[in-house]
Every structure is written in structure tokens, then in C-alpha cells.
Amino acid sequence: MRAARLIKMVLLLQSRPSMTAAELARELEVSERTVTRDAQALSEAGVPVYADRGRIGGYRLVGGYRTRLTGLARSEAEALFLSGVPGALREMGLEDAASAARLKVSAALLPSLRDASRTAAQRFHLDAPNWFREPETPALLPAVADAVWDDRRITARYRRDDTAVERVLEPYGLVLKAGVWYLCARVAGQGSFRVYRIDRFTAVDPGEERFERAEDFDLPAFWEERAEQFARSILRTEVVVRLSAEGARRLPHAVDPLSAREALAGAEGPDGEGRVTVTLPVESEEVAHTQLTALGAEAEVLAPAGLRERFAAEAVRLAELYGR
């Protein structure tokens, strides 16, 4: 514990011209008295830590000292590639590994490049959670993440409809989609991959047995394919809509973008009023009513008849409301 702290202290001082005792205490999560004792221990071990006295004093390394302890551990190197997603790292229990990795990289850089992490953070940020929704971290996520990193099988129990199911899984990868965590895994002994919502897991038992990862598995490609399959699977109804030019432009923002693009590609028209007619796959008439309402008079539903009648009745009510 103390050895790791001493190494981190050297790396901190190597990456910056000097640091006050308060700054070091904050970074190392110890008291300033402990910082003083650690600096003394480093000095006695031959590390040239020099203390500047006075109001603006602090600690620094002298004589161009540079430690060779900058090699990245495997977990640190892997976590470093996720360092643009701090919330995700924290939820998976990898925040400390990423912090150590960034510190080691900073210590190994030339002085002119040591502000790279700061300047990058000022220019790029990934905000993964969805709007208007308080993100909830699944309690079992760190255990699942550990198994993913180590290629270890897990025995997972999860909710499926009203029943509880238990499976031995080979966890290949994690995906964070709009604030929800998913596990891409293969059932042990089977060839097909499946997707599981981690917040539906009720228990996870990480075993010691490791599995042989399929070399041709591509997590981003797999997820893209499954996401598209899911989007198509819920589009079970079709509606026929007549759109103005403005309605056609706004359609991809009101409904599923892929469905909108395909519907517009097969559109009929334009007619004498400059409107085009499209056949649009939707989840249900109820969902279509909610989505197409956003287009207002730029969209006219032609079929099915029940949905058209619903829009007509609502138009009458709106006319009465605003015509008072």
C-alpha cells in the first residue's frame, strides 16, 4: 500500500514542476503529515525530493531525476483506452486503474507535452447517459466487468418476463447504450451470441474457469448488427403517410431514422402539391400517432383508416380549442 503511494508520489512530482503538500495530500488521499513522512522516506531511499520552504513552497525533484517505473500494467493500458468515458470507468470499478495509467503516461512524456491530457479534456467529452433520466449503476456491473477483462466464465441468474433463468455465460464485451449497460455473451457450450441487460441480473457468480475467446468476434460490429435487428423487430405495423417537403425533411427526426430513410427512398410522387407518399414501418398505431403528431400539418395519414380517423378527430378538437 505505502510502496504504491510512494511510486505515485514520485510520478506526480515527475509530471509537474512542483507540488505543495496540500496538492499531494489531495492526490494521494492522505494527510499533509503523511506527505512529509513519505517525502522523507523517498529522500532516504535516494530519490532527490527537495522541499521548498515558505508560503509558496512545495516539493519537487531535482537534478533531472526520472523514474523508470512508467511501464503500464495490462489493466491500466486497457483502461486508458476508455479514459474518455469517466462515468463508465467509475461504474466498472476501473477509475483507479485509469488514473494510474494517465499518470504514468504523463510522467513519461516530454515536458512540452505534459498538458496533453488537460487540453484534450477541454476539447472532447462523451456524455453517455440519456437525457431526463437519472442513471442507475447495476450493482453487479463491477463483477461482470472483472469477468470480461479476465475472460472468465460466470454463472448468472436473471429475470426473463416473470421467470428466473440461470445460465453459464462466456462474457465477451460490455456496451453502454443511452445510460443502460448490456453484456454481449455466449452461453457456454453454444455457438450463438446474445445480449443481456445487466440491470436484470439478480446474481453473478464469477468462476475460476477461463474460456477461449473467438478471435473473429468484433464487438462494435456485433452490437451494430444486433441493434439494427432489434430496431426492425419492433416495427410490426405499416402506415401510409403523405408528406410535404418540410415533412419529408423532418421525418427522420420524428421516427426511426433508418425506417424513415428507407421509406423516403421508395416514396411515390411528388404530386401536384409537391407532396410525396411513403409507406412507413412503425411499432404500433399508438406509437405512430405520438411520433407523427410532431410533424403537424406537414404529414397526412392516409392509412390505416383507424389512425387517420384518430388524427381527424384530434384536429377537430384542436380547432375547437383554439377557435374559442
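Tutor: Happy to! A salt bridge here is a side-chain nitrogen of Lys or Arg within 4 Å of a carboxyl oxygen of Asp or Glu. The model is a predicted one, in which local features need pLDDT of at least 70 and side-chain atom pairs count only at pLDDT 80 or more, while totals for chains, interfaces and linings use all residues. Residues are numbered from 1 along each chain as its sequence is written, and side-chain values use heavy atoms, with hydrogens and water left out.

Let us start with Glu166, which forms a salt bridge with Arg157, their closest N and O atoms lying 3.0 Å apart. For accessibility, buried means under 20% relative accessible area, exposed means over 50%, and partly exposed is in between (1.4 Å probe, protein chains only). Glu166 is partly exposed because its relative accessible area is 46%, and Arg157, at 37%, is partly exposed too.

In another, Glu209 pairs with Arg153, with 2.9 Å between the closest N and O atoms. This pair links distant parts of the chain, 56 residues apart, with Glu209 in strand β7 (residues 201–210) and Arg153 in strand β3 (residues 152–160). Strands (E, at least two residues) and helices (H or I, at least four) are DSSP runs, numbered from the N terminus. Glu209 has 48% relative accessibility, so it counts as partly exposed; Arg153, with 22%, is also partly exposed.

Now for a pair within one helix. Glu246 and Arg249 meet through their side chains in a salt bridge of 2.6 Å, N to O. About one helical turn separates Glu246 from Arg249, because they are three residues apart in helix α10 (residues 245–254). Glu246 is partly exposed at 30% relative accessibility, whereas Arg249 is exposed, with a relative accessible area of 52%. Elsewhere, salt bridges with shared partners join Arg242, Asp271, Glu273, Glu300 and Arg308 into one network. As background, side chains of opposite charge can pair when their charged atoms come close.

Setting aside neighbours within four places in sequence, Asp38 is in contact (heavy atoms within 4.5 Å) with Arg2, Arg5, Leu6 and Met9.
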